Amino acid sequence: MRKCIYCILITMLTIGSCYVGRHNKYVPRSAKKREKYATPEQGTYLKPVAYSILKKINQAIEEPDSFKKPSNWMMNMFTTRQEKVIDTLLQYSDSEVPVRIYYPSKNSLSGNHPVILFFHGGGFILGSVDEYHMMVSKLARVTDNIVVAVEYRLAPEHPFPSGIMDCFAVLQWIQENGSGIGGDTARISLMGDSAGGNIATVLTLLCRDNYLPQPTCQVLLYPGVTFVDTLYPSRTHFGQCSEMNYVLNESFLRKVKSQYMGDESNDRHPYLSPLEAKLTSDLPPTLIILAECDPLRDGGRLYAQKLKEAGVPVKDVEYSGMIHGFMSFHMILNDALNAMKVIRDYLEIN
């Protein structure tokens with residue numbers, strides 16, 4: 001799906017579905033695009049550019065050969081420049097985990113700099129550091145944080161909890177050795193996209209349960225927070241829609257559950273389903289970014305509510321008319337750029 005997203009993104013940029021205006025803002029060409037597009041859920045609407053993207057995603061699913069893989073020079077053209085990028089292995093205890101480290105500016109190379117530990121999405125069975133490179137490079141530049149993106153193991157070859165333990169090993173390495181990559185070990189934040197949001201918040205539970213230092217905060221981007229098959233309204237309206245695929249459909253969500261859980265039979269296990277976990281006030285401050293037209297939306301809303309009820313400082317921001325994964329389209333969607341700025345401002349005060 002991520003490769004499909006890149007193909008769609010490059011296609012839309014190059015054929016002129018949108019154009020770059022002043023200050024890097026993307027605006028529709030036609031006044032017709034100001035129309036709103038109703039969704040299966042009463043009272044919600046897709047924003048015009050989100051609707052265009054969703055149509056392209058559905059076309060790519062139905063006609064994959066109609067989208068060619070973008071060339072390397074095209075990918076490079078639309079990737080935000082960094083001062084330095086390093087691919088390396090971090091070894092902690094018996095774990096050796098590949099990571100990509102982003103230094104977005106000269107300031108980030110000066111040492112004692114805040115660090116974001118980033119976990120990509122893909123439903124625990126797809127995705128990679130390479131496939132999230134465009135989005136993460138932009139996040140690094142906007143936040144001016146060192147970003148460590150983790151190439152954790154994927155199911156079904158490596159089911160739960162393999163990927164989580166890879167990410168936990170990297171977190172512990174950074175907490176103990178982060179100064180070696182120029183990081184400030186007192187300013188480590190966790191960030192995860194979709195499945196990566198699940199991993200990020202599970203790591204905070206692992207830190208609590210193992211009496212380890214918590215990160216300064218966590219940022220969850222439209223996270224998947226439960227494997228319990230509760231048909232929340234958002235999952236019913238957007239995951240089971242027969243007219244249009246809203247990025248994540250019911251069959252994909254069930255495939256993820258089957259392949260990721262492996263031999264684990266308890267779908268309420270707190271490290272699988274943090275929404276079902278006992279949440280306590282010693283968990284770190286949390287920013288949750290949600291998309292209104294997303295099957296995972298209601299789980300994210302409930303998780304924000306449960307954290308607040310536990311006494312955790314929570315900021316939750318929901319983008320109306322947006323779809324799951326919208327931040328990957330930051331070159332087209334103003335809401336994606338806005339979300340990145342919200343993240344930047346949040347990290348500055350936490």
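The model is predicted: local features need pLDDT of at least 70, side-chain atom pairs count only at pLDDT 80 or more, and totals for chains, interfaces and linings use all residues. Residues are numbered from 1 along each chain as its sequence is written, and side-chain values use heavy atoms, with hydrogens and water left out.

**Largest pocket**

- The largest pocket has a volume of about 750 Å³.
- Its lining comprises 40 residues, of which G123, L248, F252, L253 and V256 are the closest to the centre.
- A pocket is an open set of points on a 1 Å grid over the protein atoms alone where a 1.4 Å probe fits, with protein on both sides within 12 Å along at least five of seven lines; lining residues have an atom within 4 Å of a point.
- The volume is the space filled by probe spheres set on the points, which are joined across faces, edges and corners.

**Composition of the lining**

- At least two lining residues come from each of α1 (2–15), α7 (233–239), α8 (250–261) and α9 (297–309); α8 gives the most, with five residues.
- Helices are DSSP runs (H or I, at least four residues), numbered from the N terminus.
- The lining residues divide into 19 nonpolar, 13 polar and eight charged.

- N58 belongs to helix α2 (residues 48–62).
- A polar atom of the N58 side chain lies 2.8 Å from the backbone oxygen of L54, and the N58 side chain reaches the backbone nitrogen of N245 at 2.7 Å.
- Leaving aside neighbours within four places in sequence, N58 is in contact with M244 and N245, where contact means heavy atoms within 4.5 Å.

Definitions and conventions:
Nonpolar A, V, L, I, M, F, W, Y, C, P; charged D, E, K, R; others polar. Polar contact = N/O pair within 3.5 Å; in protein donor to acceptor, adjacent residues only side chain to side chain.
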